[in-house]
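Subject: A structure for you to look at

Hi,

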Amino acid sequence: MIATSRRPTRRRFPQGCGDSANGSASISPTVFPKASTDASGLARGFQLTAEFVAGILVGAAIGWLMDRWLGTKPWGMIVWLLLGFAAGILNLIRAAGVVAKNTLEPPDTKK
């Protein structure tokens, strides 16, 4: 009953989405991709974020444990947090596929 009493409002779409010939708004696929591609992109983003955060958390945990064990507060935490950050960046680059898996052997040497 409430929904029928309200008048529809005109929606504003981003640049590149124009009105079609019949007067209704059309949505360009380049501006709003399909839901399936959004879901896979979102999953990929979460995976890359988890790779990065895991490296930092593992480095922080190792640094905290070493500080407690050796009594070197706060230096172990600082050093291992930086190492965890570097490992997180490296894992992020590897998971994104920017770096080849094995760069030690030349591509011509196959047994």
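**The chain as a whole**

Please keep in mind that this is a predicted model. The protein chain averages a pLDDT of 77, and 58% of the residues score at least 70. Where pLDDT is low, the predicted coordinates should not be read in detail.

The fold has three helices and zero strands, so to speak an α-α-α order when read from the N terminus. Of the 111 residues in the protein chain, 10% are buried. The accessible surface comes to about 9,700 Å², and carbon and sulfur atoms account for 65% of that surface. If you count the contacts with a separation of 6 or more, 35% of them are between residues 24 or more positions apart.

Is Asp-67 buried or exposed? Its relative accessible area is 7%, and because buried means under 20%, Asp-67 counts as buried.

Asp-67 does have polar partners, though. Its side chain makes a polar contact of 2.8 Å with the side chain of Thr-72. Two backbone nitrogens also lie by polar atoms of the Asp-67 side chain: that of Gly-76 at 3.0 Å and that of Met-77 at 2.9 Å.

Setting aside residues up to four places away in sequence, Asp-67 touches Thr-72, Lys-73, Pro-74, Trp-75, Gly-76 and Met-77. For a C-alpha to C-alpha reference, Asp-67 and Ile-78 are 9.8 Å apart in space and 11 residues apart in sequence.

**The loop between H2 and H3**

Thr-72, the side-chain partner of Asp-67, belongs to the loop between H2 and H3. With a relative accessible area of 32%, Thr-72 is partly exposed. Beyond its neighbours within four places in sequence, Thr-72 is in contact with Met-66 and Asp-67.

Pro-74 is in the loop between H2 and H3 as well. Please check the peptide bond between Lys-73 and Pro-74 when you set anything up: this bond is cis, with omega at about -10°. Both Lys-73 and Pro-74 are among the residues that Asp-67 touches.

**Arg-44**

Helix H2, which spans residues 35-70, also holds Arg-44. How does its accessibility class come out? Arg-44 has 33% relative accessibility, so it counts as partly exposed.

Which residues does Arg-44 touch, not counting those up to four places away in sequence? They are Ala-95, Ala-96 and Gly-97. Arg-44 and Ala-96 are 52 residues apart in sequence, and their C-alpha atoms are 8.9 Å apart in space.

That is what I have for now. Happy to talk it over whenever you like.

Best wishes

Note on methods:
Residues are numbered from 1 along each chain as its sequence is written. This is a predicted model: local features need pLDDT of at least 70, side-chain atom pairs count only at pLDDT 80 or more; totals for chains, interfaces and linings use all residues. Side-chain values use heavy atoms; hydrogens and water are left out. Helices (H or I, at least four residues) and strands (E, at least two) are DSSP runs, numbered from the N terminus. Buried means under 20% relative accessible area, exposed over 50%, partly exposed in between (1.4 Å probe, protein chains only). Contact means heavy atoms within 4.5 Å. A polar contact is a pair of N or O atoms within 3.5 Å; within protein, one must be able to donate a hydrogen and the other to accept it, and residues adjacent in sequence count only if both atoms are side-chain atoms. pLDDT is the predictor's confidence in each residue, from 0 to 100. Accessible areas come from the Shrake-Rupley method with a 1.4 Å probe; for residues, only the protein chains shown count as cover.
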